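I opened this model to look up its charged pairs, its strand pairing and one of its helices. My notes are below, in the order I took them.

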Amino acid sequence: MGTQQLTIKDLRIQFDWKIALIATLAFSILMTLGVWQLKRAAEKRSINFAIEQRQQLPPTPLELITLQNREQLKGLRVSLDGQYLHDRSIIIEGQVFRGQLGVEIITPFLLQNNDEIILVSRGWVAVGLDDNPESAIDGITGDQRLIAQLHIPASKSFFEMKPLGKAKWPVRLHHFDFQIVKKLFKIELFPYVARLDSNVPGVLERHWRIKKMDPDINTSYALQWFAMSLILLCAVVIACSNIIELLHSKSDRAEV
């Protein structure tokens, strides 16, 4: 296959089949990447919508929860019956909220029905340099019913954390690593953390927000891929035609 020429009035376009094949392949790849990013954006919007819908549902008793699908549990409202284990509380230090330094208080909660423990994040409390964060651990005793949202801890921590060894309660940590913390307890922990709703026993300042996926990033990536495909198309047309020459000649005639 050689080179063929197409003439439209003064415009001449030369077709080199090798260049055309490479350009078509590159154009198809760029368009495919753009479409894939749009699909990812749609998936993220669907996931965010599902999370918002779950937050509007009435709480589900925790004992009815099955753990097969992690994503379907994210942000799910649940009800818990049991007792706080204040003497096994965990203090996450260095938590900044609204520009103020504080700590997050996580207290184990012994479930009434199956003697399993779930970690309950009660929220944030401001702590000054001279304050003792242990004062935020109050002694709410007796059976309690809590309403909370399930939070899925990260499977891997960005921080390298050494085993805690023998714990001195309350345990103080600079970041929360579920895989490390669960080794402090002799019985099995529920694999997710419960973040308290407002107006329930033991709740502090609710500083966390459910992290939603950002579809706008994928949309911007898609626009970049589409723009690159358009630039490629224009570059091929310019390289294989005399369009620049025609534009220059028209410009020269206009000046005359």
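These entries go from ground rules to salt bridges, then strands, backbone angles and a helix.

**Ground rules**

I am working with a predicted model, where local features need pLDDT of at least 70, side-chain atom pairs count only at pLDDT 80 or more, and totals for chains, interfaces and linings use all residues. Residues are numbered from 1 along each chain as its sequence is written, and side-chain values use heavy atoms, with hydrogens and water left out.

**Salt bridges**

I took a salt bridge as a side-chain nitrogen of Lys or Arg within 4 Å of a carboxyl oxygen of Asp or Glu. How many does this rule give? I get 7 salt bridges.

I looked at R145 and D81 to begin with. Their closest N and O atoms are 2.7 Å apart, and the two form a salt bridge. The pair links distant parts of the chain, with R145 in strand 8 (residues 144-151) and D81 in strand 4 (residues 77-84), 64 residues apart. For elements I used DSSP runs numbered from the N terminus: helices are H or I with at least four residues, strands are E with at least two.

Next I checked accessibility. Buried means under 20% relative accessible area, exposed means over 50%, and partly exposed is in between (1.4 Å probe, protein chains only). R145 is exposed at 54%. D81 is partly exposed at 22%.

Then I turned to E205 and R98. Their side chains meet in a salt bridge at 3.2 Å, N to O. E205 lies in the loop between strand 10 (189-196) and helix 4 (215-239), and R98 in the loop between strand 5 (90-97) and strand 6 (100-111), so the pair ties together parts that are 107 residues apart in sequence. E205 counts as partly exposed at 33% relative accessibility. R98 counts as exposed at 69%.

I also looked up R206. It forms a salt bridge with D197, and the closest N and O atoms are 4.0 Å apart. Salt bridges that share partners join R77, D197 and R206 into one network. Is D197 buried or exposed? D197 counts as buried, at 10% relative accessibility. R206 is partly exposed at 27%.

**Strand 6 and its partners**

I count two strands as paired if DSSP finds at least two bridges between them. Which strands pair with strand 6? I found strand 4, strand 5 and strand 7 (residues 117-126) among them.

- Strand 4 pairs with strand 6 in the antiparallel sense over 3 bridges. Here G82 has L111 in strand 6 as its bridge partner.
- Strand 5 and strand 6 are antiparallel, over 6 bridges. F97 stands opposite Q100 in strand 6.
- Strand 6 and strand 7 are antiparallel, over 9 bridges. E104 has W124 in strand 7 as its bridge partner.

I then checked burial along strand 6. Of its 12 residues, 9 are buried, so strand 6 is largely enclosed by the rest of the structure.

**Positive phi**

Most residues other than glycine have a negative phi. I therefore noted the exceptions, given that general rule. R98 is not a glycine, yet its phi is positive at about 55°. This is the residue in the loop between strand 5 and strand 6, already noted for its salt bridge with E205.

N199 is another non-glycine with a positive phi, about 60°. N199 is found in the loop between strand 10 and helix 4. N199 is exposed, with a relative accessible area of 77%.

**Helix 4**

Helix 4 has 25 residues and reaches 36 Å from first C-alpha to last, close to the 36 Å expected.

At the start of helix 4, a side-chain oxygen of D214 reaches to within 3.0 Å of the backbone nitrogen of D216. I also looked for buried positions in helix 4 and found P215, N218, A222 and S229. What covers the buried residues there? Helix 1 (17-56) is included in the cover, with contact meaning heavy atoms within 4.5 Å.

Methods: The expected span of a helix is 1.5 Å times one less than its number of residues. A polar contact is a pair of N or O atoms within 3.5 Å; within protein, one must be able to donate a hydrogen and the other to accept it, and residues adjacent in sequence count only if both atoms are side-chain atoms.
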